[in-house]
Amino acid sequence: MITERIRKIRDISADLDQVLKYIPFQKITYVPDPADSIMVRFQKAFESVMDQAGVNHIPGSRIAGNGGEKFYARPAYLVESEIKEMQDYPKRCREEILESINEEMFYILPYNAGHVIEDIPTTLQEGISGITDRITGRLEDPSLNEHQREFLQVSLAEWNAVRRLVKRHIDYYEKLAEETADEAQKQEYLDIAQTLREVPEHPAKSFRQALQSVWFVYYCSQMDDVANHSLGRLDQYLIEYYRRDLENGVLTKEEAREFLYDFWLKYTAGYTVSEKMGRSSWKGVSEYSEDAHDGLYWLVTKIIDDRHVDDGQTVNLSGMDEYGNDATNELSWMMLEAVQDLNSIEPKPVVKFSEKTDPAFREFCFKMLATGNGFPAVAYDRTCIKALKAEPGNHYSEKDVIDNCHIGCIEPAVPGKAYVDPMSAFINLSKVFSVTMNQGSVYGKKIGLALPQAQSWEEFLQAYLRQMDHFIDLYVEGTNQANPFFNHYLFRPITSTLVGGCIDKALPVDEGGAVHWSKSINCCGLATAADSLMAVKQIVFDKKLKTLDEFNDILNRNFEGEEKFRQMLLNRVPRYGNGDAEVDGIVSRIVEEYCAHVYSCRTHNGSYYRPGLYSFYATVRRQGSVTPATADGRRRGEPVSLNIAPGHGSIRSGLTGALKSITGFDHSLAANACPIDVQLSGNTPWQVIGYISDYIEERGGMLLQVTVADRTDLLAAQKEPESYKDLIVRVTGFSARFVALDKETQNEILQRSYWA
């Protein structure tokens, strides 16, 4: 049950007109001075937001701070000559890399905003004063170079701007108190002002102060970066404040719940703007051409749609404590109840299951999933910990790996200490198959290695793996060149100081400042590639029904006049997702080589890359649209397979065969992400979800994402969206209201194979 106060806040936060009534869009003005350095101009642009952004209040809320980067966009700070320098950057690159980007063999995103977990415990324990004291102390080091010193000075200036915004909020609430005749309302305003005098400047002393501190720092840091910072193990960070307040009679459990729900809804207003209005991908600061020869195009996030409805605000719940015991606590339950009671999409919970997890808590998670809201995702600590420990050098402490959380959506990392650049590369494994069939070319254009035609199945498979490694190497070369260049123009100072290691090293997070620093390489179309390889093995080398040239000619003609043959490929050749040992073995070969090769690569500063078997959602359509017909029967331009899921329409042996296939390789090889996506019919009992989860956990799965919805309802929702406004599906690393998604994403979800 929610109180009337919370109900009113929820109704406002979920209604776009009401949101904009209380938090209007505002243009922040700032004219960059070319005489200033680039980083100082960034600082001044951020200060302009802190000093100009409107202070406002949602009726009933007792947590201050509304808005964020969607309401008060940080103004441009680069000058025209710098934009031109970024635009001209590709002139430094080899043409082979540029052609690979244009052919969508991979994407290079040299600066990836968001995707960090702030060091919330340190913020709560030190406050702004503690953080700035450490910055000031670090500035006393005479060995700092000019760049290090400037980073610290700019960070300090930005924190001082945050202090000014806090002061403006205090003044605002004191003025509201003066103007109201209602004594109860007056006291509420004064209590908010008093809370802001304590936090985030000083360490939090109460549950209310802790919630206010977490939100206000997040609220400000997203305007330094974007609204895509995950919250880590929030139930663990806040539990001591909650228990102490209850023990000392400061709050009742019901009052604490109301504060938590108030805090939870702070993340809803920005999401409402995205859901109702769409949110275009970052398009730089100028017009660009959709060609890799234009450096501004590199900065476009190509793996999301313009109507993107995910803010990436993941929160991890439960898991283990530092002694290996079950860490499920009162707030673990209450935060899941907040999602259920508020029908909220953000923050998005991921529960961490271990062998010690409270069975009742597991059951509650399964019952939530059975209701069809797509939450929570389930992460299996045993495999996540194994994956982190397998990374080169095994540089994590035991507490680090136990604390593993999810950055952005589903990518494991150490909260408050790690930078992993989790949304990069997306090697097009399906198109690598086309390149292999054409001995290094696609549509007559050479884009891969010119290899001789294979004379045996093993030679063909080895040729595929060599081409795959070649494109990984090209990506690494391209991104290693691009990162240092673009880091000269793009920053997030305050965000960096909220990640452990950056103040000590006096380096921004993107430049290597984090305690644990690495980059990631993801891929797309695994099942499409494996099924295509299986078709070549059977049709060309085992049964000798076609030669490679004959098969390739059919694919290059997009199966024109060959529908009977295409149907044979679709229905008679073994496919991944049915427990077939032969095709599942091909998947294992790809995964093992892919992950090993990624781990063998090094970043521009000597760190390592983490492999991810993760495609995200728009990638399967975008890369599919430029991929020729493949030997699995897929026509040219159709979507390729998602994450590690079987190809669309591939499942013939039910969910049991599918689960056997997708757990048939070692998920811990892919430290950046290895999600399992399961779609179930709307009447699925929660016990079935529990059985699926237990099976995946026992077989070494890393992450489970579940959609429970009737396919007929999804089809009906496309025709009558107003009648299905609350129908929620799991898109990939996030859930969304089905009717808020673009038609192409809706259709891709409808084509997924797991409907059971």
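1. Let's start with a term you'll need all the way through: a salt bridge here is a side-chain nitrogen of Lys or Arg within 4 Å of a carboxyl oxygen of Asp or Glu. The idea behind it is simple: side chains of opposite charge can pair when their charged atoms come close. Keep in mind that what you're looking at is a predicted model.

2. Now try the term on a real pair. Lys445 and Glu103 meet through their side chains in a salt bridge, at 3.1 Å from N to O. This pair links distant parts of the chain, with Lys445 in strand β11 (residues 445–446) and Glu103 in the loop between α5 and β1, 342 residues apart. Lys445 is partly exposed, its relative accessible area being 34%.

3. Glu103 turns up again with another lysine. Lys431 forms a salt bridge with Glu103, and here the closest N and O atoms are 2.7 Å apart. Lys431 sits in helix α17 (residues 429–437) and Glu103 in the loop between α5 (95–102) and β1 (116–117), so this pair ties together parts that are 328 residues apart in sequence. Are these two buried or exposed? Lys431 counts as buried, at 1% relative accessibility, and Glu103 counts as buried too, at 14%.

4. Next, have a look at Arg164. Arg164 makes a salt bridge with Asp51, and the closest N and O atoms are 3.0 Å apart. Since Arg164 belongs to helix α7 (residues 146–179) and Asp51 to helix α3 (residues 38–52), the pair ties together parts that are 113 residues apart in sequence. Arg164 is partly exposed, with 34% relative accessible area, and Asp51 is partly exposed as well, at 37%.

5. How many salt bridges does the rule give? The count comes to 53 salt bridges. Some share partners: Glu4, Arg7, Arg10 and Asp11 are joined into one network that way.

6. Lys186 lies in helix α8 (residues 183–198). Lys186 is buried yet has no salt bridge. The nearest side chain of opposite charge is that of Glu183, 4.9 Å away, whereas the cut-off is 4 Å. Leaving out residues up to four places away in sequence, Lys186 touches Ala177, Glu178 and Thr180.

7. What about the overall build? The protein has 29 helices and 18 strands. Its radius of gyration is 26 Å, close to the 27 Å that the globule rule gives for 756 residues, so the protein is as compact as a globular protein of that length. Along the principal axes, the C-alpha atoms fill a box of roughly 85 × 60 × 50 Å.

8. Of the 756 residues in the protein, 65% are buried. Among contacts with a separation of 6 or more, 78% are between residues 24 or more positions apart. The accessible surface is about 25900 Å², and carbon and sulfur atoms hold 50% of that.

Note on methods:
Residues are numbered from 1 along each chain as its sequence is written. This is a predicted model: local features need pLDDT of at least 70, side-chain atom pairs count only at pLDDT 80 or more; totals for chains, interfaces and linings use all residues. Side-chain values use heavy atoms; hydrogens and water are left out. Helices (H or I, at least four residues) and strands (E, at least two) are DSSP runs, numbered from the N terminus. The radius of gyration is taken over C-alpha atoms; the globule rule is 2.2 Å times the number of residues to the power 0.38. Buried means under 20% relative accessible area, exposed over 50%, partly exposed in between (1.4 Å probe, protein chains only). Contact means heavy atoms within 4.5 Å. Accessible areas come from the Shrake-Rupley method with a 1.4 Å probe; for residues, only the protein chains shown count as cover. Lys and Arg count as positive and Asp and Glu as negative; His and the chain ends are not counted.
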